Amino acid sequence: MRASTTDRSSPTPSHHSRAAKVFDTLYRDHVDLVYRFAHRLCGEPEAAKDLVQETFLNAYRGFEKFRGDAQVSTWLYTIASRACLRMRRRRKCAPERELSLEEFIPTSDGEFRLQIPIDGLSPEEALQNKQLRDALDTAINQLPKKYKMVLVLRDMEGLSAKEVGTIMGLNERAVKSRLHRARLFVRQQLSAQGLGQEIADPEQALLR
Amino acid sequence: MAKRHTSTKRTRSSTTRHQHDHGKGRCLNILRQLSAYIDDELAGDICNEIRRHLGSCPNCEVFVSSLRQTVSLCRHRPSPSLSTDDRAMMRQNILKAAQIR
């Protein structure tokens, strides 16, 4: 897949067809993974599709930079994460706030005891409840991007802290620190929502 | 559930208040390490120490349980999949953009 400088400045038809073939395999094998990640980062389908296209376009152009010493999925996660941050900057969003640990420390028994009312349900059963699903999505979407990325990669995509560090250019300690704050934020949002008793009732949950 | 929660809080808060120095001290230390505890990343002795604390501190026990639930919900949150049409359309768009630029 390595191309010479001449190839890049004036690509020949054979270069194009070779690149297209490699691209097709890459796209076929990984588009679902990239879309899932993009949807989790963006929170809605249209923005996620934009991010997928941006990611694969950058991957197409950067084949020669991929040295094969990382997993292809790690490489694509890295490209997608950077593209996501670039798209955010392009939209000129306000700078994001830092999450401090102190804001999540309960100051009363009541705050300590805030619960997510899903006792007795498996996570799959609990997530059949739309109210809970929406509350979870809202909480995750309210996270500042750099915290959200760590939570999505670690807790939703199931990567190790080391892999998340490689993707985001962070050491493991920084990954774990952001992850902890992100989880505390989501926990606080979910438990403070007053989601109601019905979530703990499987029959009600299934009706929704 | 909410009612039960309120009543247990009322009965337990007086018995546990002495164990807590909210925002400081022991519980604060434990809370800082809870993700590492949940992810099983702590050394055995620290783990045992936290386990002992959780056994004697209902507040921290509820807190860790809700944090575990949060992580578990994130892990199991399904994500929508792409339609065949979307997959094909995006592929076309990407190849077109790659030729133009």
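**Entry 1: Leu26(A)**

I began with Leu26(A), which I found in helix 2 of chain A. For helices I use DSSP runs of H or I with at least four residues, for strands runs of E with at least two, numbered from the N terminus. Leu26(A) counts as buried because it has 20 C-beta neighbours inside 10 Å. The cut-offs are these: 20 or more other C-beta atoms within 10 Å of a residue's own make it buried, 12 or fewer exposed, and anything in between partly exposed, with C-beta atoms placed from the backbone. I also checked Leu26(A) against Leu143(A): they are 117 residues apart in sequence and 31 Å apart in space, C-alpha to C-alpha.

A note to myself on the source: this is a predicted model, where local features need pLDDT of at least 70 and side-chain atom pairs count only at pLDDT 80 or more, while totals for chains, interfaces and linings use all residues. Residues are numbered from 1 along each chain as its sequence is written, and chains are lettered from A and ligands numbered from 1 in the order in which they are written.

**Entry 2: chain A overall**

I counted eleven helices and zero strands in chain A. Of its 208 residues, 38% count as buried. I then looked at contacts, meaning pairs whose C-beta atoms, placed from the backbone, lie within 7 Å. Among the contacts in chain A with a separation of 6 or more, 72% join residues 24 or more positions apart.

**Entry 3: helix 8 of chain A**

How many of the twelve residues of helix 8 are buried? I got ten, so I wrote helix 8 (residues 145-156) of chain A down as mostly covered. The buried ones include Tyr147(A), Lys148(A), Arg154(A) and Asp155(A). After helix 8 of chain A comes Gly158(A), with a positive phi near 75°.

**Entry 4: helix 9 of chain A and its two partners**

Two packed helices are described by the angle between their axes and the distance between the axes. My axes are lines fitted to C-alpha atoms, for helices over the stretch in contact, and the angles run from 0 to 180 degrees between N-to-C directions.

The angle classes are under 35 degrees for roughly parallel, over 145 for roughly antiparallel, 65 to 115 for roughly perpendicular, and oblique for the rest. The crossing is right-handed, a term for the near helix being turned clockwise from the far one by less than a right angle, with anticlockwise giving left-handed. From helix 8 of chain A, Met149(A), Val150(A), Leu153(A) and Arg154(A) make the contact; from helix 9 of chain A, Ala161(A), Val164(A), Ile167(A) and Met168(A) do. By class I have seven nonpolar, no polar and one charged residues here. Ala, Val, Leu, Ile, Met, Phe, Trp, Tyr, Cys and Pro count as nonpolar, Asp, Glu, Lys and Arg as charged, and the others, Gly among them, as polar.

Next I turned to helix 4 (residues 72-90) of chain A, whose axis comes within 8 Å of that of helix 9 (residues 161-168) of chain A and crosses it at roughly 50°. That angle makes helix 4 of chain A oblique to helix 9 of chain A. This crossing is right-handed. Thr74(A), Tyr77(A), Thr78(A) and Ser81(A) of helix 4 of chain A meet Glu163(A), Thr166(A), Ile167(A) and Met168(A) of helix 9 of chain A. The classes come to three nonpolar, four polar and one charged residues.

**Entry 5: where the chains meet**

I found 48 residues of chain A in contact with 39 residues of chain B. Elements of chain A that each supply at least two residues include helix 2 (13-42), helix 8 and helix 10 (172-192). The side of chain A that touches chain B has 27 nonpolar, nine polar and twelve charged residues. The model scores ipTM 0.83 and pTM 0.82.

**Entry 6: chain B**

Chain B has six helices and zero strands, and 20% of its 101 residues are buried. I looked up Asp40(B), in the loop between helix 3 (34-38) and helix 4 (44-56) of chain B. Its phi is positive, near 60°, in a residue other than glycine. Is Asp40(B) buried or exposed? It counts as exposed because it has 7 C-beta neighbours inside 10 Å.

Last, I checked pLDDT, the predictor's confidence in each residue, from 0 to 100. Chain B averages 80, with 74% of the residues at 70 or above. Over residues 1-24 of chain B pLDDT stays under 50. Where pLDDT is low, the predicted coordinates should not be read in detail.

Methods:
Contact = placed C-beta atoms within 7 Å.
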